[in-house]
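Hi,

Here's the structure I promised to send over.

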Amino acid sequence: EECDKQIKGDVAALREFNFDAVKLDGCGGETNLELYNKYVKESGRAVMTENCHWGSKVPFKPDPSLPPAEGCPWNFYRSSGDVRASYASIMYNLGTVEPLRTQNLSYPGCWAYPDMLQ
């Protein structure tokens, strides 16, 4: 219930301050992205949503058993953990997108991306 109130308040703040996009990090309270998406839809205005759950914190990838609008309640999502200052880390993070692509889990409106900023 507390998380529900937090999510409702955050969506209300997005509207009040006219935000068009939001990044939901895996270390924050908004890990229930389906509920977050529900309140965004109820607010009547689309918000570009980034799922930054590091490629590991559920939900971190689309659910192919559901229609795209339900199975991917975000616009893009991170496929990897934080990049480190090494070539190996960069290459590892790049490689995290390929399994999602081959499973058709990265597509227009629901793009997978690796963390690449250092």
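A quick definition before the surface: a patch here is made of residues with over 30% relative accessible area and no salt bridge, with nonpolar side chains joined within 5 Å. Keep in mind that this is a predicted model.

By that rule, Tyr87, Ile90, Met91, Leu94 and Met116 make up a nonpolar surface patch, and together they have about 480 Å² of accessible area. Met116 sits in the segment after β4 (111-113). Its relative accessibility is 33%, so Met116 counts as partly exposed.

Now the inside. The largest nonpolar core has 19 residues, and Ile7, Val11, Val22, Tyr36, Trp74 and Tyr77 touch the most other members. At least two core residues come from each of α1 (2-16), β1 (21-25), α2 (33-43) and α5 (97-102). The largest share is from α2, with five residues. Leaving out residues up to four places away in sequence, Trp74 has contacts that include Leu33, Pro59, Phe60, Pro62 and Cys110.

Cys110 also turns up in the cysteine story. Searching the whole structure gives one disulfide, and it links Cys72 with Cys110 at an S to S distance of 1.8 Å. The link is right-handed, with 90° about the S-S bond.

As for other cysteines, Cys52 is buried at 0% relative accessible area, whereas Cys3 is partly exposed at 30%.

Cheers

Notes: Residues numbered from 1 in each chain as written. Predicted model: local features only at pLDDT ≥ 70, side-chain atom pairs only at ≥ 80, totals over all residues. Heavy atoms only, no water. Core = buried A, V, L, I, M, F, W, Y, C linked by side-chain atoms within 4.5 Å. Buried < 20%, exposed > 50% of the residue type's maximum accessible area, 1.4 Å probe, protein only. Helix = DSSP H or I, 4+ residues; strand = E, 2+ residues; numbered from the N terminus. Contact = heavy atoms within 4.5 Å. Patch = residues over 30% accessible without salt bridge, like charges linked within 9 Å, V, L, I, M, F, W, Y side chains within 5 Å. Areas by Shrake-Rupley, 256 points an atom, 1.4 Å probe, with all protein chains shown as cover. Salt bridge = Lys/Arg side-chain N within 4 Å of Asp/Glu carboxyl O. Disulfide = S-S within 2.5 Å.
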